[in-house]
Amino acid sequence: MIQPLFLGLGVTELIIILVVVLLLFGAKKIPELMHGAGKGVRAFKDGMKEVNLDEEKNKDAKEQES
């Protein structure tokens, strides 16, 4: 039995989704969309790192007060 690859989707479903995206946006627009998505993911990761650093600083400050 073939295991689902991503979010319960099999190979056939992923191929169908890729074909639909290609038809909707065209081959020239897809790299631009992926570049924008990459920037969004990078910004999200940077924001999460910043939040984690702030939490660590607050935790260390509280430990020093005790």
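Isoleucine 17 is partly exposed, with a relative accessible area of 43%; partly exposed lies between buried, under 20% relative accessible area, and exposed, over 50% (1.4 Å probe, protein chains only). This residue has its place in helix α1. The structure is a predicted model, in which local features need pLDDT of at least 70, side-chain atom pairs count only at pLDDT 80 or more, and totals for chains, interfaces and linings use all residues. Residues are numbered from 1 along each chain as its sequence is written, and side-chain values use heavy atoms, leaving out hydrogens and water.

The chain holds two helices and zero strands, taken as DSSP runs numbered from the N terminus (helices: H or I, at least four residues; strands: E, at least two). Of its 66 residues, 2% count as buried. The accessible surface comes to about 6300 Å², and 65% of that belongs to carbon and sulfur atoms; such areas come from the Shrake-Rupley method with a 1.4 Å probe.

Next come the surface patches, built from residues with over 30% relative accessible area and no salt bridge, joining like charges within 9 Å and nonpolar side chains (Val, Leu, Ile, Met, Phe, Trp, Tyr) within 5 Å. A salt bridge here is a side-chain nitrogen of Lys or Arg within 4 Å of a carboxyl oxygen of Asp or Glu. Ile16, Ile17, Val20, Val21, Leu24, Phe25, Leu33 and Met34 form a nonpolar patch with about 720 Å² of accessible area together. The elements giving two or more residues to this patch are α1 (11–25) and α2 (30–65), and α1 gives the most, with six.

A patch of negative charge gathers Asp46, Glu50, Asp54, Glu55, Glu56, Asp60 and Glu63. Asp and Glu count as negative, Lys and Arg as positive, while His and the chain ends are not counted; each charge is placed at NZ of Lys, CZ of Arg, CG of Asp or CD of Glu. Aspartate 60 lies in helix α2 and is partly exposed at 42% relative accessibility.
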